Amino acid sequence: MLTDGVIGWPVGGEGGLDGKLRISHALNFLTTVYSDCLEKSSVSLEQFWDLMSTMDIDSRFIIKELSREQKDCFFLAISVLFSFDIYLISKTRFLMSKPAKPLRALLLKQLEGKTLFATSTNSRFQREFCTDGLVVDSMGQILFVGGVSEAIEWADQNLDASDVSDSDDEQLDIGLDLLNTELSDDPSGDFFV
């Protein structure tokens with residue numbers, strides 16, 4: 001895929017932030033670096049802080065001292081705060097949880113007219129956020145391209161249940177090589193994009 005535009009860090013990812021930073025310092029850093037993306041954002045700083053307060057997150061808290069759920073909320077909210085041209089999503093566990101419902105609404109709002117690239121095998125996520133589906137095997141060979149419903153149906157009919165699960169806990173490690181470390185009986189490791 002070739003495109004011009006600003007690509008965000010993976011949604012829910014740490015965005016290059018050090019865990020020793022206070023929430024306020026992390027926010028100040030990212031709003032300075034991505035000031036143009038904040039200006040175009042459909043999500044306001046007020047909405048961001050409202051979300052933080054619902055999770056009992058104060059601006060003085062240190063990132064590494066947050067609970068797992070608070071960290072997930074913070075990292076997801078901060079990656080949704082900015083208006084990027086392309087959003088990357090590899091993990092949907094927290095995003096599809098009950099506490100993240102307000103975040104899903106803000107992400108959908110932020111995605112209007114934008115591109116989302118996801119590797120989630122969660123069909124609930126796929127149906128809520130995706131319009132098109134692509135099924136590829138572990139070597140990147142395209143097995144099916146079409147609407148998301150058709151892609152899910154094709155995968156259900158043509159892949160073993162262990163290949164594409166409704167797992168809420170994808171384990172895509174992002175490094176130099178995109179490596180899907182989700183355990184499966186079948187080494188082909190087919191997944192959705």
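Predicted model: local features only at pLDDT ≥ 70, side-chain atom pairs only at ≥ 80, totals over all residues.

Colleague: What does the side chain of Arg60 meet in a salt bridge?

Modeller: Asp58, with N to O at 2.7 Å. Asp58 is partly exposed, at 24% relative accessible area.

Colleague: How many salt bridges does the structure hold?

Modeller: It holds 3. Another one joins Arg68 and Asp72, whose closest N and O atoms are 2.9 Å apart. Both residues sit in helix H4, 4 residues apart, or about one turn of the helix. Arg68 is exposed at 55%, while Asp72 is partly exposed at 23%.

Colleague: And Arg104, which residue does its side chain pair with?

Modeller: Glu128, at 3.7 Å, N to O. That pair links distant parts of the chain, with Arg104 in helix H5 and Glu128 in helix H6, 24 residues apart.

Colleague: Is Arg104 buried or exposed?

Modeller: Buried, at 8% relative accessibility. Glu128 is partly exposed, at 33%. Arg104 is also among the residues that Phe129 touches, along with Leu107 and Leu116.

Colleague: OK, switching to the core. Which residues touch the most other members of the largest nonpolar core?

Modeller: Phe74, Phe125 and Phe129, out of 43 residues. Helix H4 gives the largest share, 8 residues. There's also a second, separate core of 5 residues, including Phe144 and Leu159.

Colleague: Last one: where does Asn122 lie?

Modeller: In the loop between S2 and H6. Asn122 is buried, at 3% relative accessible area, and a polar atom of its side chain lies 2.9 Å from the backbone nitrogen of Arg124.

Conventions:
Residues numbered from 1 in each chain as written. Heavy atoms only, no water. Core = buried A, V, L, I, M, F, W, Y, C linked by side-chain atoms within 4.5 Å. Buried < 20%, exposed > 50% of the residue type's maximum accessible area, 1.4 Å probe, protein only. Helix = DSSP H or I, 4+ residues; strand = E, 2+ residues; numbered from the N terminus. Contact = heavy atoms within 4.5 Å. Polar contact = N/O pair within 3.5 Å; in protein donor to acceptor, adjacent residues only side chain to side chain. Salt bridge = Lys/Arg side-chain N within 4 Å of Asp/Glu carboxyl O. Lists of a residue's contacts leave out its neighbours within four places in sequence.
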